[in-house]
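Subject: Structure for your files

Hello,

Please find the structure below. My notes on it follow.

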Amino acid sequence: MTPPAITTAVQDGPDIIETVLVAVLVMLAIAMIGCLARLLRGPTLPDRVVALDLMGMFAVGVIAIFSMLIGQPMLLGVCLIMGLILFLGTAAFALYLERRARP
């Protein structure tokens, strides 16, 4: 026989998970605002590109959490492809900076 406290925790489980996911969405939104500030104020081009890349990664996180909230795992494929494209963009920019720095 399951103790009543555990039974109550199991029944409240989805509500707690949804609350945590919404809290994470809020934190990601705040982080994206910080990245937007860096993107607009960034003193150098690499600062701005890193901020833009980070905003993209946060967007991937938002899409993944939204996918979990609505129960649609199809959006996780979008996250995977978007992450790969962001990685390639960052690698291409790093290569550009390296070639530009050469005399």
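Helices here are DSSP runs of H or I with at least four residues, and strands are runs of E with at least two, numbered from the N terminus. This is a predicted model, in which local features need pLDDT of at least 70 and side-chain atom pairs count only at pLDDT 80 or more, while totals for chains, interfaces and linings use all residues. Residues are numbered from 1 along each chain as its sequence is written, and side-chain values use heavy atoms, with hydrogens and water left out.

Helix α4 (residues 75-101) holds both Phe93 and Tyr96, three residues apart, about one turn of the helix. By the ring rule (centres within 6.5 Å; planes under 30 degrees apart stacked, over 60 edge-to-face, the rest tilted), the count is one aromatic pair. The ring centres of Phe93 and Tyr96 are 6.1 Å apart and the planes are at 35°, so this pair is tilted. Phe93 is buried at 16% relative accessibility, whereas Tyr96, at 43%, is partly exposed. The cut-offs are under 20% relative accessible area for buried, over 50% for exposed and in between for partly exposed (1.4 Å probe, protein chains only).

Ile81 is also placed in helix α4 and is exposed, with 52% relative accessibility.

Ser67 belongs to helix α3 (residues 45-70). Its relative accessible area is 2%, so Ser67 is buried. Apart from neighbours within four places in sequence, Ser67 has contacts with Gln72, Pro73, Leu75 and Leu76, where contact means heavy atoms within 4.5 Å.

Regards

Notes. Phe/Tyr/Trp six-rings, centres within 6.5 Å; stacked < 30°, edge-to-face > 60°.
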